[in-house]
Amino acid sequence: MDTLALEAKGAKGDAVTGPVTPARKPKPAKKAKKAVFFEVEILDGKTKEKLLLLDKVEPNATIAEIKSMFHKSHPQWYPARQSLRLDPKGKCLKDEDILQQLPVGTTATFYFRDLGAQITWVTVFLTEYVGPLLIYLMFYFRVPFIYAPKYDFTTSKHWVVHLACMCHSFHYVKRLLETLFIHRFSHGTMPLRNIWQNCAYYWGFAAWMAYYINHPLYTPPIYGEQQVKTALVIFLLCQIGNFSIHVALRNLRPPGSKTRKIPYPTRNPFTWIFLLVSCPNYTYEVGAWLGFTVMTQCLPVAFFTAVGFIQMTVWARGKHRSYLKEFRDYPSIRSPILPFLL
Ligand SMILES: NC(=O)c1ccc[n+]([C@@H]2O[C@H](COP(=O)([O-])OP(=O)(O)OC[C@H]3O[C@@H](n4cnc5c(N)ncnc54)[C@H](OP(=O)(O)O)[C@@H]3O)[C@@H](O)[C@H]2O)c1
C-alpha cells in the first residue's frame, strides 16, 4: 500500500502559499490535507508482462482516463482498442468506472487486452445498409451479367416487383437516416474484423432475395392484389412502429450520455407495446419482414425473415435479462420479443 500525504499542496502539486498580512499575527498553517493517490500497474493480459506503472493516479480517475494515460505511453493502442480487466479472464471494465470504487485497494492491477483495430458504429451501420440498398437496385435494373443478356436493363411486368423495390429501398434509407439522426449509441466502436461477417450477412441476403424477386421468370403472389395490399399494410405499420420505438429509445438518453433507462409507453400508440415487450423494435422489424415475405411470396425472403427473427430473439433475450438484472422494478409482465410467448 503506497499512501502519499501531500502537505499543503494543490491538486497538481504546486505549493499553496496564503497571503500574510503584516499587521496581524500570521494564522497557524492549516492542517495538512491527506490525499491518497493510487498506484496503477497495467499488465499484458496474456503474458503478464508489465506494460506501465502509474504511481500517482487520482482516486476519482475513470477507466477512460487511465486508458488515455496508457495511450500516451503506448501510442499504437488508442483508448477504443484497449480492454482493461481486473482479472485476465474477467469482464471488461467500463470507461465510466471510477478507480476508487473498484475492489482494488490503493494499488490496482489491470490486465490489458488489445481489441484490434476499431471502426465506429456509425460507419459499421452505414456500410451494412448502403450495401443492400445498392445491390438490390442492381438486380431491379437488371444490370448486365445477372440475367440473360436479352433482359439487360428491362423492367418487370409485375407491379408487385416495383412495389417490392420501393419497400426494400424505403427500409434501408430509413435505417440509414435513423443511424445518422436518431440513434444515440453508447458504444463508440466495434472491432474492424467483425464488419466482414455483418456485411456478408446483409449484402448476401439482399443479393439472394433481389435475384429471385427481380428475375424475369418471377411469378407474383398466389392471392394477387389482395395479398399484396394486406402485406403492404403490415409492412408499413411495422415500419412506423419500428421508427416510433427508435425515437422512444433515443428520448431515454440525453445527448452525449450513455444512460440506460426502462422504456415505457409514450403518447404514441405504437409504443404501447412496451407494456408487454422489452424490445419491440425487433418485434416490429420481424413484422415488417413478414409483410415483405407475404408481399413477394419469395422463399429467400422467408428465409431472411426467419434468420433475422432467430438473431433478434437471441439479442432480445439478452437485453431482457440485462433489464431484469439492472432494474429491480422492471415490469415482470414483459417478454423479450413476442408478448406472452418469447
Ligand atoms: N433484420 C435484421 O436482421 C436486424 C437485426 C438487428 C437489428 N435490426 C434493426 O436495427 C435496429 C437497431 O438495432 P440494435 O440492435 O442496435 O437495437 P437496440 O439495441 O434496441 O438499440 C437501438 C438504439 O437504442 C439505444 N437503446 C436501447 N435500449 C436503450 C435503453 N434502455 N436506454 C437508452 N437507450 C437505449 C441503443 O443504444 P446502445 O448503443 O446503448 O445499444 C441504440 O442506440 C433494430 O431496431 C432493427 O430495426 C435488424
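How close do the axes of α2 and helix α4 come, and at what angle do they cross? I took this up as the opening entry, working on a predicted model, and I found that the two axes come within 8 Å and cross at roughly 20°.

**Entry: α2 with α4**

Helix α4 covers residues 194–213, and helix α2 covers residues 121–140. Because angles under 35 degrees count as roughly parallel, I noted α2 and α4 as roughly parallel to each other. The handedness I looked up next, and α2 passes α4 in a right-handed crossing. On the α2 side I listed the contact residues, which include Val124, Thr127, Glu128, Tyr129, Gly131 and Pro132, while on the α4 side they include Asn198, Cys199, Tyr202, Trp203, Ala206 and Ala207. Sorted by class, the residues of this contact divide into 15 nonpolar, three polar and one charged.

**Entry: α2 with α3**

I then turned to α2 and helix α3, which covers residues 159–181, and found that their axes come within 9 Å and cross at roughly 165°. That angle makes α2 roughly antiparallel to α3, since angles over 145 degrees count as such. Here α2 passes α3 in a left-handed crossing. The contact draws on α2 residues including Val122, Phe125, Leu126, Leu133 and Leu137, and on α3 residues including Val161, His162, Cys165, Ser169, Val173 and Leu176. I counted the classes as 17 nonpolar, four polar and one charged. Tyr129, Pro132 and Tyr136 of α2 are among the residues that touch α3, and these three are also among those that touch α4.

**Entry: α3 with α6**

Which way does α3 run relative to helix α6? The axes of α3 and α6, the latter covering residues 280–296, come within 10 Å and cross at roughly 165°, and the two helices are therefore roughly antiparallel to each other. I recorded a left-handed crossing for α3 passing α6. From α3 the contact is made by Val160, Leu163, Ala164, Cys167, His168, His171, Tyr172 and Arg175, and from α6 by Glu285, Trp289, Phe292, Met295 and Thr296. By class, I have eight nonpolar, three polar and two charged residues here. Ala164, His168, Tyr172 and Arg175 of α3, listed in this contact, are also listed in the contact with α2.

**Entry: annotated stretches**

The unreviewed UniProt entry annotates "transmembrane region" over residues 119–139, 198–218, 230–249, 270–292 and 298–316. I checked two of these against the model: residues 198–218 are 76% helix and 0% strand, with the end C-alpha atoms 28 Å apart, whereas residues 230–249 are 100% helix and 0% strand, with the end C-alpha atoms 29 Å apart.

**Entry: confidence**

The mean pLDDT of the protein chain is 89, and 90% of its residues reach 70 or more. Over residues 1–26 the pLDDT is below 50, although this stretch has 28 contacts in the model beyond near neighbours in sequence. Where pLDDT is low, the predicted coordinates should not be read in detail.

Terms used
Residues are numbered from 1 along each chain as its sequence is written. This is a predicted model: local features need pLDDT of at least 70, side-chain atom pairs count only at pLDDT 80 or more; totals for chains, interfaces and linings use all residues. Side-chain values use heavy atoms; hydrogens and water are left out. Axes are lines fitted to C-alpha atoms, for helices over the stretch in contact, and angles run from 0 to 180 degrees between N-to-C directions. Helices (H or I, at least four residues) and strands (E, at least two) are DSSP runs, numbered from the N terminus. Angles under 35 degrees count as roughly parallel, over 145 as roughly antiparallel, 65 to 115 as roughly perpendicular and the rest as oblique. A crossing is left-handed if the near helix is turned anticlockwise from the far one by less than a right angle, and right-handed if clockwise. Contact means heavy atoms within 4.5 Å. Ala, Val, Leu, Ile, Met, Phe, Trp, Tyr, Cys and Pro count as nonpolar, Asp, Glu, Lys and Arg as charged, and the others, Gly among them, as polar. pLDDT is the predictor's confidence in each residue, from 0 to 100. UniProt positions are given in the numbering used here, feature names are shortened, and annotations may be inferred rather than shown by experiment.
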